[in-house]
Structure formats: structure tokens, C-alpha cells
Amino acid sequence: QDVVISEFMAVNDGGLVDEDGESSDWLEIHNRTATVVALSGWTLSDDPGDPQKWGFPDVALSEGAYLVVFASGKDRAAAGSPLHTNFKLTDGGEYLGLFRPGGVTVEHQYGPRYPRQRPDISYGLAAETRSLVAEGHSGEYLAPADGSLALGWKAPGFIPGAEWKSGPT
């Protein structure tokens, strides 16, 4: 997708604060393209049966830019001001979708339900991936069934024991 709901927080107990001083739930829209996207006519919804539940005002999202929208139930959609949906997010999981103008085409969604959420922990897409080991190199690994390894493997000079396996990445 070109524009995604990159992240959201359904239980904001003290993180990001809105302009009213409240810890409203929020979501973040990310334009992954190299062009400006006009969001006028685009919609957000927590109900797949009502894809045009809340509409964006006449705002543009620059290439690679992010936009925070509060999911507060306050229903504010004025360009140049903080945006607030007319619905809130639930911690138990529900549908969340971003729709192109007309409400027919789903641009991005968490459906049929996003998983149960925990307080002050956001949920979303990985921002980037980075290869730490080049493909084809040999590596050693161990996946213990308990916590016996602890963090000793991170210590300088750690030498893997005989139970470790090796193979190509």
C-alpha cells in the first residue's frame, strides 16, 4: 500500500497528549510514496460496514511524511488543526481501516480485528528492516526451551558451547 496506518495506540494512559491535555488514543498515517498525497475524501473507520465513518479534511501528506490522528471520539476535522476521529479504539481488538475516496477501496487495514492491546504500547508496522548478517555466511544458533541461556551470550568473549548448531544464513 502507498499510504498506511503505520502505528496506533488503543490504550493511551499517559503517552501522547492532545491539545486538550488528554491522553487520547491515536493512530499514525504514513505516506510511503515519493509524491504528495491529498487526503481530502479519504476516510478512517473502526467498522468495516461503515467505511466512511470519519473523513479527512483538505490536508496533504508530503512524501515519506507521517500524520497523527487522535482516535478520541471528539470528531474534529479542520485542516491545520489536530485531527480527531468520531470513534475511539478498543483495547480488546477491533477492525481499523483506511479507505480511499468513495469508501470502496481499502488502502490499509487491521482486520478482521487487531489483537488485544496493552496500556501505553503502540502497535503497527515495522518501520524498517536491516540485514545484520549477509546471506550465505555461516552462523551459530541455539534456541533453548527455557531461560537457562539468560544474557550470557551477549557478554564480550562469549564462546558457544557444544549444544549450539551452525549453518548458513
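The radius of gyration of the protein is 21 Å, whereas a compact globule of 169 residues would have a value near 15 Å; the radius is taken over C-alpha atoms, and the globule rule is 2.2 Å times the number of residues to the power 0.38. Along the principal axes, the C-alpha atoms fill a box of roughly 65 × 35 × 30 Å. The model is a predicted one, in which local features need pLDDT of at least 70 and side-chain atom pairs count only at pLDDT 80 or more, while totals for chains, interfaces and linings use all residues. Residues are numbered from 1 along each chain as its sequence is written, and side-chain values use heavy atoms, with hydrogens and water left out.

Turning to the fold, the secondary structure comprises 13 strands and zero helices (DSSP runs, with E of at least two residues for strands and H or I of at least four for helices). Of contacts between residues at least 6 apart in sequence, 57% join residues at least 24 apart, a contact being heavy atoms within 4.5 Å. Buried residues make up 33% of the 169 (buried is under 20% relative accessible area, exposed over 50%, partly exposed in between, with a 1.4 Å probe and protein chains only).

Six aromatic pairs are present (ring centres of Phe, Tyr or Trp, the last by its six-membered ring, within 6.5 Å; planes under 30 degrees apart are stacked, over 60 edge-to-face, the rest tilted). Phenylalanine 158 and tryptophan 164 form a tilted pair, because their centres lie 5.6 Å apart and their planes are at 55°. Phenylalanine 158 is partly exposed at 32% relative accessibility, while tryptophan 164 is buried at 15%. Ring pairs also link Phe8, Tyr110, Tyr114 and Tyr123 into a cluster.
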